[in-house]
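Let's take a look at how some parts of this protein model sit against each other. We'll start with ring pairs and then move on to a pair of helices.

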Amino acid sequence: MVLKIRLARFGKRNAPFYNIVVAHARTARNGKPLEVLGTYDPIPKPPPTGEGKAIKDIKLDTSRAKYWLGVGAQPSEPAWRLLSMVSCGQLETGVRWMGTGAVE
């Protein structure tokens, strides 16, 4: 069965909060995942020092994300953007998002 790394939405209306999860491709968006890899809060928070840009909070277990990519999990486009931002290019070089659901 095909595995996907995707975002599961939580939170209130106009205040989204996402879990980055690994789930079977045919399960519902908020169905029970196989594993929760991390969280993403898209609402910008002010920096702790009060200076600079607002920060969007991303927490991710990169070792588990690399494991799931290694066994063939296909990330959705938003999940791929988050993975590439957090890993800073440290993901497998042979795995790349193609935009059509296929991974090269």
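## Aromatic pairs

Searching the whole structure turns up 2 aromatic pairs. Rings of Phe, Tyr and Trp (its six-membered ring) pair if their centres lie within 6.5 Å; planes under 30 degrees apart are stacked, over 60 edge-to-face, and the rest tilted. Tyr18 and Tyr40 make a stacked pair, 6.2 Å centre to centre with 25° between the planes. Tyr18 sits in strand E2 (residues 15-24) and Tyr40 in strand E3 (residues 35-45), so this pair ties together parts 22 residues apart in sequence. Both Tyr18 and Tyr40 are buried (under 20% relative accessible area; exposed is over 50%, partly exposed in between, with a 1.4 Å probe and protein chains only).

Tyr67 and Trp68 pair up edge-to-face, at 5.3 Å centre to centre and 75° between the planes. Tyr67 is partly exposed at 41% relative accessible area, while Trp68, at 13%, counts as buried.

## Two helices

Helices (H or I, at least four residues) and strands (E, at least two) are DSSP runs, numbered from the N terminus. The contact here means heavy atoms within 4.5 Å: Thr62, Ala65 and Leu69 in H1 meet Trp80, Leu83, Val86 and Ser87 in H2.

## About the model

This is a predicted model: local features need pLDDT of at least 70 and side-chain atom pairs 80 or more, while totals for chains, interfaces and linings use all residues. Residues are numbered from 1 along each chain as its sequence is written, and side-chain values use heavy atoms, leaving out hydrogens and water.
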